[in-house]
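I opened the model to look up a few contacts, charges and surface features. My notes follow.

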Amino acid sequence: RPEAREEHHAEDRERAARGVPVRLADGAETRQDVQVRPGRELTLRVVDGRGFPIEDARVEFYGQEIPGDQGTARINYDPDHGGFERPTDAAGRVAFRSLWPTGTIVLSLTREGFVPRVVEIDLETESGEVQITLRASRRLAGIVLDDQGSPVEGARVICADAETARN
């Protein structure tokens, strides 16, 4: 019913005009004006090494680092209540529409057949659509041998790229 909706909005406007109640440390209550800004929108396009979109890549929102007067705070929240983890569509895209307007977001990207990747995106410098490339993973097979040339049962092998190996 349109009249009921208008009454509800009128009540909201009246409450907003009175301010938001804030409880102080000594237990007293005051009212503060609160200004709500629209969230920041960011679209990612996830592609392979040849620039083709990757469908169903898992993009997980790890949180956001927000600079402040007392240093940088890391907060974790569910942007636009769409879940912390989202799949890319057929065009390799996924959107976050209600991000805190400043700071750096941290995302994890995974997809079977590709090397997992964690990226940080600075919202001060990036806007619109950000393209992220995932490298294809490769299969490695072999036998681990000891100094005498005998197979080592239960050996653990860790593969890393040159940059990771240096660190």
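I started at Leu44. Leaving out residues up to four places away in sequence, I found Leu44 touching Val59, Gly92, Arg93, Val94, Phe96, Leu107, Ile121, Val130 and Ile132; contact means heavy atoms within 4.5 Å. This is a predicted model: local features need pLDDT of at least 70, side-chain atom pairs count only at pLDDT 80 or more, and totals for chains, interfaces and linings use all residues. Residues are numbered from 1 along each chain as its sequence is written, and side-chain values use heavy atoms, with hydrogens and water left out.

Next, the core. Leu44, Leu107 and Ile121 touch the most other members of the largest nonpolar core, which has 21 residues. Such a core is a set of buried Ala, Val, Leu, Ile, Met, Phe, Trp, Tyr and Cys residues joined through side-chain atoms within 4.5 Å. Buried means under 20% relative accessible area, exposed over 50%, partly exposed in between (1.4 Å probe, protein chains only). Elements giving two or more residues to this core include strand S3 (40-47), strand S4 (58-68) and strand S8 (104-110).

I then listed the elements. The chain has 2 helices and 10 strands. These are DSSP runs numbered from the N terminus: helices are H or I with at least four residues, strands E with at least two. I read the order as α-β-β-β-β-β-β-β-β-β-β-α.

Which residues does Glu65 contact, its neighbours within four places aside? I found Thr72, Ala73, Arg74, Gly103 and Thr104. Glu65 lies in strand S4 and counts as partly exposed because its relative accessibility is 24%.

On to charges. I counted 4 salt bridges, each a side-chain nitrogen of Lys or Arg within 4 Å of a carboxyl oxygen of Asp or Glu. Glu129 pairs with Arg93, the closest N and O atoms being 2.5 Å apart. Glu129 lies in strand S10 and Arg93 in strand S7, so this pair ties together parts 36 residues apart in sequence. Salt bridges with shared partners join Arg58, Glu60 and Glu85 into one network. Arg50 bridges to Asp48 at 3.7 Å between the closest N and O atoms. Arg50 is exposed at 67% relative accessibility, whereas Asp48 is buried at 12%.

Last, the surface. Leu140, Val144, Val152 and Val157 make a nonpolar patch of about 340 Å². Patches take residues with over 30% relative accessible area and no salt bridge; like charges are joined within 9 Å, nonpolar side chains (Val, Leu, Ile, Met, Phe, Trp, Tyr) within 5 Å. Areas come from the Shrake-Rupley method with a 1.4 Å probe; for residues, only the protein chains shown count as cover. I noted Val157 as exposed, at 54% relative accessibility.
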